[in-house]
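Okay, thanks for coming, everyone.

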Amino acid sequence: MSTPRFPNPSSPVSNKVPLRVLLLENIHPSAEHLMKAEGFVVERVQGALKPEELTERLKGVHLLGIRSKTNVPESALAHAESLLAIGAFCIGTNQIELTATNRHGIPCFNAPFSNTRSVAEMVIAEIIVLTRQLFDRSREVHTGQWRKVATGSHEVRGKTLGIIGYGHIGSQLGVLAESLGMRVVYYDIMTKLPLGNSRSVPTLGELLAESDFVTLHVPATSATNMMIGPAELARMKKGACLINASRGSVVDIPALAEALRSKHLGGAAVDVYPEEPETNSDGFRTELQNLPNVVLTPHIGGSTEEAQESIGREVATSLIKFVKSGATTGAVNFPQVEVPLIPGTHRILNVHRNIPGVLRDINRIVSDLNANIHAQVLSTDANIGYLVMDLDQDVSAQVSEAIAGLNTDIKTRMVS
């Protein structure tokens, strides 16, 4: 088992100190249990923190865990001298300034797999609810009305589901939909291997025109911003339904509301919004409220106990592996390195600016100090280089301090 050593302002390697973890937004206790088992000191905060609060709370914190409501701007990173890594206990990472964390040498990990099933199951439920208009019938009975009608209600068997974004969620959703007898088509900017009888279509327009239900499973990027607007809604079949459980920025809400009011669309289910309340006590308004056959949920696609427990384990495990061995596999903003620990050595982890000559300077330090390298791996991106180097223990501290003294250094620490 490796023991982390943590940087302080005066030296790249300090004596062993308790590692401090700050977990925000009710992250599942499974994360806390794993981290406490490693001897980490864990502080939990129920809700999100505003950037100015986050800046103050990050002082002396080594690991930060957030969900979707906490924004991590560069201004907060500038004073977080002890921060080693950030865990986003969710799929999305758009709430983190990833370019800034990269420059500061702080890898960010997320949970791209753990809530896949929960989201897929909710979408299947919404497809059935929309095609049977169940929420409208339920609301009517709650108010004393009895409208036993079949008009506008259909089976999902034989209908076409169009999936925009055929990743972890989209592909599993396709399998579930086929088990209900649905035809599945998908559109993705990357070539993806279809599962079951799912079929790729070459354009978004073709998917929209062919589908009885359209569901979005894409990240928030400049390419997906408002990707479903008036023109795209007009391409959809009359009476079709739109489902968005991805990101609030991908659908033009006013245009969707108009398509519903005009009865061009037969219904919609929306779980994410362009602007969402920061806490459960805040009010919320959207143009989609009080429209017929519209299911509105408060960003709960992955909010099952099973998913949150799995996310807690997945992200906490990534953070622990990074602390103990420097492994960055799965980091969304960092060069990918994972090297087995070598017994009897100390491991130096160095993040530096990616400019010519850095590895030459580091190897010169190793040579001048007569250090024996057991393993050395360097991976780079456009801005930074990430070096993992295993050395004999007798000179590792001297080598680490000398590397940290280079003017190209961003972060250097040692594990043993």
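Predicted model: local features only at pLDDT ≥ 70, side-chain atom pairs only at ≥ 80, totals over all residues.

Let's begin with T380, which sits in strand 14, residues 373–380. Residues are numbered from 1 along each chain as its sequence is written, and side-chain values use heavy atoms, with hydrogens and water left out.

Back to T380, then. Leaving aside residues up to four places away in sequence, T380 touches P335, N354 and G385, where contact means heavy atoms within 4.5 Å. And if you look for R353, it is 27 residues from T380 in sequence, with 9.4 Å between their C-alpha atoms.

Now the sheet. In what order do the five strands of the open sheet come? The order is 2-1-3-4-5, and the pairing is parallel; two strands pair if DSSP finds at least two bridges between them. At the edges are strand 2 (41–44) and strand 5 (108–109), each pairing on one side only.

Let's go across it. Strand 1, residues 20–23, runs parallel to strand 2 and is joined to it by four bridges. One thing to click on there: L22 has E43 in strand 2 as its bridge partner. Helix 1, residues 29–37, packs on the sheet and touches strand 1, strand 2 and strand 3 (63–66), and its direction makes about 160° with that of strand 2. For those angles, axes are lines fitted to C-alpha atoms, for helices over the stretch in contact, and the angles run from 0 to 180 degrees between N-to-C directions.

Moving along, strand 3 and strand 4 pair in the parallel sense, over four bridges. G65 has G87 in strand 4 as its bridge partner, and G87 in turn has F109 in strand 5. Strand 4 and strand 5 are parallel too, with two bridges joining them. Lying across strand 3, strand 4 (85–88) and strand 5 is helix 11, residues 305–325, at about 165° to strand 4. Which residues of strand 4 are buried on each side? A85 and G87 on one, I86 and A88 on the other, so both faces are covered, because buried means under 20% relative accessible area.

Okay, charges. Side chains of opposite charge can pair when their charged atoms come close. The rule here is a side-chain nitrogen of Lys or Arg within 4 Å of a carboxyl oxygen of Asp or Glu, and by that rule we have 23 salt bridges.

Here are a few of them. In helix 1, K36 and E32 are four residues apart, about one turn of the helix, and their side chains meet at 2.8 Å, N to O. K36 is partly exposed at 46% relative accessibility, while E32 is buried at 13%.

Next, R183 and E210 form a salt bridge at 3.2 Å, N to O. R183 is in strand 7 (residues 183–187) and E210 in helix 8 (residues 204–210), so this pair ties together parts that are 27 residues apart in sequence. R183 is partly exposed at 41%, and E210 is buried at 19%.

Then there's R347 with D390, at 2.7 Å, N to O. That pair links distant parts of the chain, with R347 in strand 13 (residues 345–353) and D390 in strand 15 (residues 384–392), 43 residues apart. How buried is R347? Its relative accessible area is 1%, and D390 is buried with a value of 1% as well. There's also a network: R20, E43 and R57 are joined by salt bridges that share partners.

One last stop: T99 in helix 4, residues 98–103. T99 counts as exposed, because its relative accessibility is 52%. Its C-alpha is 26 Å from that of G302, which is 203 residues away along the chain.

That's my tour, so over to you.

Key. Buried < 20%, exposed > 50% of the residue type's maximum accessible area, 1.4 Å probe, protein only.
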